[in-house]
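Here are a few exercises to work through with the model open in your viewer. Try each task before you read its solution.

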Amino acid sequence: ELRLLTTVDSAPLTADLLARAQAWADDDPDPQTTADLRALLMLAADGDETAAHELADAFDGTLQFGTAGLRGRMGPGPRRMNSVVVAQAAAGLGRYLLEHGGGAVVVGYDARHDSDLFARVTAEVLTGMGLSVMVLPEPLPTPVLAFAIRRLGCAAGVMVTASHNPPHDNGYKVYLGDGMQIAPPVDAQIRSEEHTSELQSQ
């Protein structure tokens, strides 16, 4: 039975928050983030304030998709970088591309933890939407991805990287066919499509 826990930074860790976290754990396809979230839930239920704070923060809104794409700390929850959030971003990009003529997508990734996983998730989602996807064969610098977009004649590219952010962060950059990173209003359009994907997955 879910119960009201102690207050964390003046915001109660409510039964609603616990229910959303439990639902996330039930649906998360990644066994590592699922295990991490279940451990947090257990600690928070036992009164661990650090775990409760982390849980509240991880579910306080969502990572915002903008001109820099996505970037944030890795972990479970909608405000962290993980397979679920990456899949939603990929679905938003896929919808945008399909509404603007489709085309091929090339995906690159760096050597950060889980970058290869996020690249694979992106490729699987976009392929499932009927788009042609190529994944670069190994961790490579971002300029290689920008070059590959133009060289391969792709409509878009995705680079899984957090540049110079701390090691526990990761990110998701989107480029269009000119090899340039997305800019307004394209970022807002993809974000809108991403929210549509979130609603349809609920």
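**Exercise 1.** How many residues does the largest nonpolar core have, and which residues have the most contacts inside it?

Before you start: this is a predicted model, where local features need pLDDT of at least 70, side-chain atom pairs count only at pLDDT 80 or more, and totals for chains, interfaces and linings use all residues. Residues are numbered from 1 along each chain as its sequence is written, and side-chain values use heavy atoms, with hydrogens and water left out.

*Solution.* 
- Step 1: A nonpolar core is a set of buried Ala, Val, Leu, Ile, Met, Phe, Trp, Tyr and Cys residues joined through side-chain atoms within 4.5 Å. Buried means under 20% relative accessible area, exposed over 50%, and partly exposed in between (1.4 Å probe, protein chains only).
- Step 2: the largest core has 45 residues, and Leu-55 and Tyr-172 have the most contacts inside it.
- Step 3: helix α4 (residues 83–99) gives the largest share of this core, eight residues. Helices (H or I, at least four residues) and strands (E, at least two) are DSSP runs, numbered from the N terminus.
- Step 4: apart from this core lies another one of nine residues, including Ala-104 and Tyr-175.

**Exercise 2.** Why is strand β6 largely enclosed by the rest of the structure?

*Solution.* 
- Step 1: check burial. Five of the five residues of β6 (residues 156–160) are buried, so the strand is largely enclosed.

**Exercise 3.** How do the axes of α4 and α5 cross?

*Solution.* 
- Step 1: axes are lines fitted to C-alpha atoms, for helices over the stretch in contact, and angles run from 0 to 180 degrees between N-to-C directions.
- Step 2: the axes of α4 and α5 (residues 115–128) come within 9 Å and cross at roughly 40 degrees.
- Step 3: the two helices are therefore oblique to each other. Under 35 degrees counts as roughly parallel, over 145 as roughly antiparallel, 65 to 115 as roughly perpendicular and the rest as oblique.
- Step 4: the contact (heavy atoms within 4.5 Å) includes Ala-87 and Ala-90 of α4 and Phe-118 and Val-121 of α5.

**Exercise 4.** Where does Asp-114 lie?

*Solution.* 
- Step 1: Asp-114 sits in the loop between β4 and α5.
- Step 2: its phi is positive, about 75 degrees, although Asp-114 is not a glycine.
- Step 3: with a relative accessible area of 22%, Asp-114 is partly exposed.
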